[in-house]
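Hello,

Here is the structure for you to look over. Please open it first, then read the notes that follow.

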Amino acid sequence: MAEHTPGPWEVEDDDGAFTIQARITDPETGEIDHEPIVWQMGGIDCLEDAVLIAAAPDLLAACEAAMAQLNSWPPAEWGYREMMIAEALEPAIKKARGII
């Protein structure tokens, strides 16, 4: 499976037509460009949906960092809290990665 477009992603509001864009920095020049990810979402919760989608790369990175921290301890040493956190993180990470 191909990797997703790296973040950060941003929301651009063009009079209620929202576009999700990836902010891309040219490694040679340092110039910042924007690459559209999702174009003109519509609906009642348009802005809320756009903001959530734009946060997706950051949310995935946070979930993976939390899972990596949990995995730094042997599962045999996990308590109830750690098991519940892992049970919430694992399917979310798999869904974001297109595994399930």
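**Salt bridges**

Glu10 forms a salt bridge with Arg23, and their closest N and O atoms are 2.5 Å apart. Glu10 lies in strand β1 (residues 9-14) and Arg23 in strand β2, so this pair ties together parts that are 13 residues apart in sequence. Please keep in mind that this is a predicted model.

Are the two partners buried, exposed or in between? Glu10 is partly exposed, because its relative accessibility is 24%, a value that falls between the 20% limit for buried and the 50% limit for exposed. Arg23 has 35% relative accessibility, so Arg23 counts as partly exposed too.

How many salt bridges does the structure hold? There are two. The other one joins the side chains of Arg97 and Glu64, at 3.0 Å from N to O. Here the link runs between helices: Arg97 is in α2 (residues 80-97) and Glu64 is in α1 (residues 46-71), so the pair ties together parts that are 33 residues apart in sequence. Arg97 counts as partly exposed because its relative accessibility is 24%. Glu64 is at 28%, so Glu64 also counts as partly exposed.

Which residues gather in a patch of negative charge on the surface? They are Asp26, Glu28, Glu31, Asp33 and Glu35. Asp26 sits in the loop between β2 (17-25) and β3 (32-41). With a relative accessibility of 33%, Asp26 counts as partly exposed. A residue needs over 30% relative accessible area and no salt bridge to be part of a patch. Asp26 also makes a contact with the backbone: its side chain reaches the backbone nitrogen of Thr29 at 3.3 Å.

**The nonpolar patch**

There is a nonpolar patch on the surface as well. Val11, Leu47 and Val51 form it, with about 210 Å² of accessible area together. Take Val51 as one of the three. Val51 is in helix α1. Its relative accessibility is 45%, so Val51 counts as partly exposed.

Is Ala50 buried or exposed? Ala50 is buried, because its relative accessible area is 0%. Ala50 belongs to helix α1, the helix that holds Val51. So please look at the two together on your screen: Ala50 has 0% relative accessible area, whereas Val51 has 45% relative accessibility.

Gln21 counts as buried because its relative accessibility is 13%, and the limit for buried is under 20%. What does its side chain meet? A polar contact of 3.0 Å joins the side chains of Gln21 and Glu12.

**Thr5 and two distances**

Thr5 lies in the segment before β1. Its relative accessibility is 24%, so Thr5 counts as partly exposed.

**Where to look**

- Glu10 and Arg23, a salt bridge at 2.5 Å.
- Arg97 and Glu64, a salt bridge at 3.0 Å.
- Asp26, in the loop between β2 and β3, with its side chain at 3.3 Å from the backbone nitrogen of Thr29.
- Val11, Leu47 and Val51, the nonpolar surface patch.
- Gln21 and Glu12, a side-chain polar contact of 3.0 Å.

Best wishes

Technical notes. Residues numbered from 1 in each chain as written. Predicted model: local features only at pLDDT ≥ 70, side-chain atom pairs only at ≥ 80, totals over all residues. Heavy atoms only, no water. Patch = residues over 30% accessible without salt bridge, like charges linked within 9 Å, V, L, I, M, F, W, Y side chains within 5 Å. Areas by Shrake-Rupley, 256 points an atom, 1.4 Å probe, with all protein chains shown as cover. Salt bridge = Lys/Arg side-chain N within 4 Å of Asp/Glu carboxyl O. Lys, Arg positive; Asp, Glu negative; His and termini not counted. Charge placed at Lys NZ, Arg CZ, Asp CG, Glu CD. Helix = DSSP H or I, 4+ residues; strand = E, 2+ residues; numbered from the N terminus. Buried < 20%, exposed > 50% of the residue type's maximum accessible area, 1.4 Å probe, protein only. Polar contact = N/O pair within 3.5 Å; in protein donor to acceptor, adjacent residues only side chain to side chain.
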